Amino acid sequence: MIEITKYFDRVWCVDFEYFTGTSGADAPHPICMVAKDCISGEVVRQWLWNGAPQKCPISLDDRSLYIAFYASAEINCHIALGWPNPERIIDLHAEFRQLCNGTDKWKIDSEKSGLKKHERFSLLACMVAFGLSIETVAADHKDEMRQLCMRGGPYSSSEQQAILDYCESDVTGLTRLLPRMWQHVELAPALFRGRYVKAVGAMERRGIPLDGDRFQTIKSHWDLIVDRLVESSRDGLDILGDKEVDAAKFERWLFEHSIRDWPRTPEGRLSTGARTLSDMSKLRPELMELKEFLATVRQTRLFESLAVGDDGRNRTLLSPFGSKTGRNTPSSSRNIFGPACWVRSLIQPGPGQALLYCDWSGQEYGEAAFFSQDENMIADYVKVDPYLGFGKRIGLVPTSATKQSHKRIRNQLKVAAGLGVLYGAQAATVARAGEMTLSQAEHVLREHRRIYPTFWRWRQRVIDHARLEGELRTCFGWRWIVGEEATTTSISNWMMQSHGAEMMRVACCLAIERGIEVCTPVHDALLVQAPIDAIDDVRRQTLSCMEEASSVVLGGPSLKVGVEDPVVYPGTFKEERGDKMREQLDQILSDIVQQSA
């Protein structure tokens, strides 16, 4: 801890308790805050439910270090109170995730201590991992205190005292944890991750605006809608038993549609998991209807799970750094972008507002091109379309081909000869994705290696480095411990995905710090809201932030950014992949409403 004093005069360990409404998805209402300065020992206990001081009671300047565990919650409360954000944050949750990345050591420690699976990356698990007893962060009545906070006020004086004590117990845990973690913390990368967590707090608080009336109407009729969907789909998708896939029916359906290469489980059964359906629909777009159908009928509690506040906004934890690549991992059931694609049609800007969906064009391909410095790959990315560029080089499409004229084959090349090959896809996968014979797929692979030799040499160097050093790091210090079980595919995938995650973090920081109202990141895209009359200016600013972010990560060059036409109130978000299912469900809902009128 002596080293910290070289950089900071104050080191505040901070925790808030807050209330998220009866829905559990309202913007947090702060209940109290406790903070302790690890250098001076000063303790601040602030009751906030009945009002808060205009000025934050602790220092937030660049000589003060703000320590929290899952700090986006604390930032959310700062915004609610009108307090400025701290200049320097270290989120011990983010640092713990990074230390755990690729090793089971911490998991084993937490399991030995009897912690449950959902507590694996909790403050309790972190305490255990660093040799501290879990009692140091446990109040006498922890579950009771959680329920009290979830209930909301008013609070009696004894309840206020109990909640403040409960809050202080977590702060005590942080003050004991920090000295043990500090030797593992790299200051500059940790501060950047803390900067991103500030952006996460702003996005989690803002949430995603929805068409609240339509949401409630669908929710109230959902069971009947699903029943009628199943019945009306029997002619084309007669694959269900009791709302779940019947193996014999599904095998017959695949045979009738000439699909011979469907993945199977280790036990030999046809796989019908969400991941399989997603992967197969990317390889064969005609399977999107099947994916959407199963994703819909299986979600019997869909509209109970989606986290929607009383103000009609979808708010979920973005769960930053949740994957080994450092990507966000929001709940697939609570987040509007998690379930079937048609559900996104519920996204709607408020009156006088518009929404923009901006994404990097060929992000992973562009990263591969510029990191490897393969001139042919860079040329295809910059001057043409990266996937059609390759197709033109090998004569698979004419030189005049465009995204519009050769949409289907372009998508096949994107999955097969683009992303699939980048990560080491073999001929069988390329054949399946591109609807080619095995010999044609082998030809595509040979041509890819011939046309982009510099990329392939760079890819091998990355794999060799991972094997020899036992770890990989991004340009901003996100680390993955590479075990013996890691495949060459997972190593290649990690390099592109992890740097894509860093790119997203930079873009979110820049956008929010420049006043852009970012609702949420979506893998390689940003969903942004703005007043209708400011939408053109916000579009330019958002694109600038994303281009700048890619330039920072790539060390000079920038990636292309695409933006769809704005969704202007009262319009709703459109997702082409879910259009057919949305239209079918709208008709079913219309019939139900008319019959019940």
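Me: Over the ring of which residue does the charged end of Lys-560 sit?
Reply: The model is predicted, so local features need pLDDT of at least 70, side-chain atom pairs need 80 or more, and totals for chains, interfaces and linings use all residues. Residues are numbered from 1 along each chain as its sequence is written, and side-chain values use heavy atoms, without hydrogens and water. A charge sits over a ring if NZ of Lys or CZ of Arg is within 6 Å of the ring centre and within 35 degrees of the ring normal. The charged end of Lys-560 lies 4.7 Å from the centre of its ring, that of Tyr-381.

Me: What kind of aromatic pair do Phe-215 and Phe-303 form?
Reply: Rings of Phe, Tyr and Trp (its six-membered ring) pair if their centres lie within 6.5 Å; planes under 30 degrees apart are stacked, over 60 edge-to-face, the rest tilted. Here the centres are 5.4 Å apart and the planes 55 degrees, so the pair is tilted.

Me: Is Phe-303 buried or exposed?
Reply: Buried means under 20% relative accessible area, exposed over 50%, and partly exposed in between (1.4 Å probe, protein chains only). Phe-303 has 2% relative accessibility, so Phe-303 is buried.

Me: Which residue in S3 stands opposite Cys-32?
Reply: Strands (E, at least two residues) and helices (H or I, at least four) are DSSP runs, numbered from the N terminus. Two strands pair if DSSP finds at least two bridges between them, and five bridges join S2 (residues 29–37) to S3 (residues 43–47), which run antiparallel. Opposite Cys-32 stands Trp-47.
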